[in-house]
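This report covers a sheet, helix packing and overall dimensions. The sequence and structure come first.

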Amino acid sequence: MTTTSTRTEQPRQDAEREVVLEARDVTKHFTVRGKKGSAVVRAVEGIDLELHRGEIVAMVGESGSGKTTVARLLSLYYPTTGGEILLEGKPVSHVTGRKALTYYGQVQLLFQDPFASLNALKPIRHILGRALKIHGKARGAKQVEQRIHELLTRVNLTPPEQYIDKYPHELSGGQRQRIVIARALAVEPRVMLGDEPISMLDVSIRLDVLNLLKKLRDEEGLALLYITHDIASARYIADRINVMYAGQMVEGGSSEEVIHDPQHPYTRLLLDSSPDPGRGLEGDQQSLFDEVGDLGEPPSLITPPKGCRFNPRCPFAMDICNEKEPEKVEVSPGHWAKCWLHQEGRADLLKQRNIQFGVPIETAAAEAGIDTVNAEDILDRTVALEGETTADLGPFQP
Amino acid sequence: MTRRDVGDVLLEVQDLSVDYLTLNGAVSAVSHASFTLRRGEILGLAGESGSGKSTLTTALLRLQRSPAVTVGGKVLYHGDDGTVTDLVPRTDKELLHLRWNKLAIVMQSAMDALNPVKRLGAQFVDVLRQHDPRMSEKAALERAGDLLALSGIPRDRVDSFPHEMSGGMRQRSLISLALACDPDLVVMDEPTTAVDVVMQRTIMSQVLRLQRELGFAIVFVTHDLSLLLELSDRLAIMYAGKVVEIGPSTELYHHPKHPYTKALRDSFPPLYAPLVEMRGIPGTAPDLMNLPDGCAFAPRCARAMDLCLTKRPELVQVSEKVDAACHLNDPQKEPVGAGPSDARSENGHAA
């Protein structure tokens, strides 16, 4: 069995699959007001994204990289600051109320927390029936009932009779997330936007929910945007992976290419940070975590770094990186990255076995003006400071 | 094979049982947990939600609150001077000398564990002076800065409020706070679930560095088994309130002796290894109110036998360093796991 065995048709041919939902150069700025006046948070900048029929696209990145904002922009929860969103080639704009209903009939958002996204006071029959009725997908009690049964079967909650009269609190986390998926399916959408749909679930049932989403893709041609920071699950489920950093997309391509041949230093950082017992547990923990210093945190999006936003954390940063923003470079068909290493002909650096990310902690401390970070020294001082207090001991610590 | 050298026995847990008292009777959240922790050792504790991980760790430190009650067993703490103390019968007052000085905890949610209306420095001073009333405010603040620097936080952060820091920084300052009195044992209850993978890596490398320099033992609780495998010396797997397998991490990964350990291990999609269709563990965790007569995992177990439905397996030694509670390990039966590759593909289709 080889790597490609389950992925024979990978990457799916873009040309063959129609684009359902598209974002073109979408930008979102939030204005925040504080004591010192207002500031602009550049949460999402210049995102291009295509969701194809029957395809799962993953969006990975650290917290605060703008992943959720993209999902909310695509679901018209926020109006965009710039750029366009197109549903089946037609531009859509931020609308509310009944006008939004047609859009929501095509594009549905899956929330992260199935414990908070279902009405605790209503049975499953009501929760699913309401979505059907609002969108006019079923008329009359009998038809509604029948459709609910179908939905429950589609998300593998069988037999449906066993679940239809239950309340959310009677279901486990995985079952609730299936109800959330069934409710989204009730309106017969073409696109689902999953914002960390498995991160609140127990590990033992995550795979089943992922498999369900894969099944919906394969059997019903659903387009799914899968947002996560767990790059291993993104690889398992998605056909393509997009990597976001500080509000921008920095790399995109077929899942296997992005995982096995990352073309942006940030993607390498994400991959190197993810635990993977598969790469071997030989040796002690120190060797697995060794030389990991302070890997840093994403920059402020109010005053993002000039040039490439990753440059302050990048071990390969050159002068040009903090002057000009890199252009998109196509490395192989369908696989692109925005990084100066490609234009400067230094992309081989990304293939190194060990990349030293971040600053060793001593250096970081020295730069921050900390004179001593040697734990033993500090400990000695502790003992000195504590002095005779250790004499004041309880009955079982003579 | 142990991954590193560890020291003498620090904590001996014997038959520890914790019940939750409810109107419908007692629910046994942890039953007869036994294990030994050595100085400087990292013990990982894994299991699904509701398996009793957090109940066990709070009971270890005697931090459990009603309706949780420790109904049996011992937690023997071996002091560095050779004395042995059973923590279970001690009153809070008696435990005061051990808490934070010897036994510390890093709570799950950094946002809830820090006081939102006090500056970080004040929270450190509070702890330091509580445990050493003779320490001056100035010395304590100085020490707070040192402690923050330990986990790579600039010392001027003593003047910050928790909301002014990122989630990762808050979590790191909690770790610093736990180390304030140089404890022998630090219990970490899912310290990295609220942060992303990059921050998790930063935090874990710092914890390991501090652990190496200061020598404290760690009980690390999480449901992220892949992280635990990389991090811990030994692993304990919990299911329905019981420790079902315990042993060196590498052993449990390569040769799991309990089907649940194997299923849990195979629940994580690989990062680089060839992809195959994978399945989760079928069914749901049992209701602790009415556990089956036999093995609690039997209804979800692909290899359950008749015996499993009637007789509850005990945690017994099954190999040199591994204890497991599964009838499949009885001498006349075939063993549970082969190498990881066979086991993976087998699991993919067996369920």
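## Helices 3 and 4 of chain A

Angles from 65 to 115 degrees between two directions count as roughly perpendicular. The model described here is predicted. In it, the axes of helix 3 (residues 124-134) of chain A and helix 4 (residues 140-154) of chain A cross at roughly 110° and come within 10 Å. Helix 3 and helix 4 of chain A are therefore roughly perpendicular to each other. The crossing in which helix 3 of chain A passes helix 4 of chain A is right-handed.

On the side of helix 3 of chain A, the contact involves A:Arg125, A:Leu128, A:Gly129, A:Leu132 and A:Lys133. These meet A:Val144, A:Arg147, A:Ile148 and A:Leu151 in helix 4 of chain A. By class, the residues of this contact between helix 3 and helix 4 of chain A are 5 nonpolar, 1 polar and 3 charged.

## The sheet of chain A

Chain A has an open sheet of 8 strands with mixed pairing, in the order 6-7-8-3-9-10-12-11. Strand 6 (107-110) and strand 11 (328-332) of chain A are the edge strands, each pairing on one side only. From one strand to the next, the twist averages 20°.

Strand 3 (residues 56-60) and strand 9 (residues 240-245) of chain A run parallel and are joined by 4 bridges. A:Ala58 has A:Ile241 in strand 9 of chain A as its bridge partner. Helix 1 (residues 67-74) of chain A packs on the sheet, where it touches strand 3, strand 6, strand 7 (191-195), strand 8 (223-228) and strand 9 of chain A. The direction of helix 1 makes about 150° with that of strand 8 of chain A.

Helix 9 (residues 265-273) of chain A and helix 7 (residues 197-214) of chain B have axes that come within 8 Å and cross at roughly 55°. That angle makes helix 9 of chain A oblique to helix 7 of chain B. Helix 9 of chain A passes helix 7 of chain B in a left-handed crossing.

A:Leu269, A:Leu270 and A:Ser273 in helix 9 of chain A meet B:Val197, B:Val198, B:Gln200 and B:Arg201 in helix 7 of chain B. The residues of this contact comprise 4 nonpolar, 2 polar and 1 charged.

## Dimensions of chain B

Chain B contains 12 helices and 12 strands. Along the principal axes, its C-alpha atoms fill a box of roughly 65 × 45 × 40 Å.

Definitions and conventions: Residues are numbered from 1 along each chain as its sequence is written. Chains are lettered from A and ligands numbered from 1 in the order in which they are written. This is a predicted model: local features need pLDDT of at least 70, side-chain atom pairs count only at pLDDT 80 or more; totals for chains, interfaces and linings use all residues. Two strands pair if DSSP finds at least two bridges between them. Helices (H or I, at least four residues) and strands (E, at least two) are DSSP runs, numbered from the N terminus. Axes are lines fitted to C-alpha atoms, for helices over the stretch in contact, and angles run from 0 to 180 degrees between N-to-C directions. Two residues are in contact if their C-beta atoms, placed from the backbone, lie within 7 Å. Angles under 35 degrees count as roughly parallel, over 145 as roughly antiparallel, 65 to 115 as roughly perpendicular and the rest as oblique. A crossing is left-handed if the near helix is turned anticlockwise from the far one by less than a right angle, and right-handed if clockwise. Ala, Val, Leu, Ile, Met, Phe, Trp, Tyr, Cys and Pro count as nonpolar, Asp, Glu, Lys and Arg as charged, and the others, Gly among them, as polar.
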